[in-house]
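Good morning, and thank you for the time on the agenda. Please have the sequence and the model in view as I speak.

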Amino acid sequence: MKKWLIDSFLPMWAKQTVLEDNRHLTKEIRSLRKENRELRAYIEGLERGIRAAKRVQIYNGGGTK
């Protein structure tokens, strides 16, 4: 329906502007989704590291200092 509205009622300059803006926003969305995936992976790694650090760890050096 959007395509029909754009094709039927908008003048040529407006169509070009809308399509250009749409391409730009699509690229921006793709970039932001990629950044979001990377940040979520980073956060997940930090959370795993924090959980691992809470575990009791015993180091036995053999009694020598």
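How many salt bridges does the count come to, where a salt bridge is a side-chain nitrogen of Lys or Arg within 4 Å of a carboxyl oxygen of Asp or Glu? The count comes to two salt bridges.

Before I describe them, a word on the source. This is a predicted model, in which local features need pLDDT of at least 70 and side-chain atom pairs count only at pLDDT 80 or more, while totals for chains, interfaces and linings use all residues. Residues are numbered from 1 along each chain as its sequence is written, and side-chain values use heavy atoms, with hydrogens and water left out.

I begin with the salt bridges. Side chains of opposite charge can pair when their charged atoms come close. Lys 34 pairs with Glu 38, with 3.9 Å between the closest N and O atoms. Both residues belong to helix H2 (residues 12-53), and they are four residues apart, about one turn of the helix. Helices here are DSSP runs of H or I with at least four residues, numbered from the N terminus. Lys 34 counts as partly exposed because its relative accessible area is 46%, and Glu 38 is likewise partly exposed at 46%. For these classes, buried means under 20% relative accessible area, exposed over 50%, and partly exposed in between, with a 1.4 Å probe and protein chains only.

The other salt bridge joins Arg 48 to Glu 44, whose closest N and O atoms are 2.9 Å apart. This pair also lies in helix H2, again four residues apart, about one turn of the helix. Arg 48 is exposed at 53%, whereas Glu 44 is partly exposed at 37%.

Let me turn to two further residues of helix H2. Is Lys 15 buried or exposed? Lys 15, placed in helix H2, is buried, because its relative accessibility is 18%. Neighbours within four places in sequence aside, Lys 15 is in contact (heavy atoms within 4.5 Å) with Ile 6, Asp 7 and Leu 10. Arg 37, also found in helix H2, is exposed, with a relative accessible area of 56%. From Arg 37 to Thr 26 there are eleven residues in sequence and 17 Å in space, C-alpha to C-alpha.

Trp 4 is exposed because its relative accessible area is 51%.

Key
Helix = DSSP H or I, 4+ residues; strand = E, 2+ residues; numbered from the N terminus.
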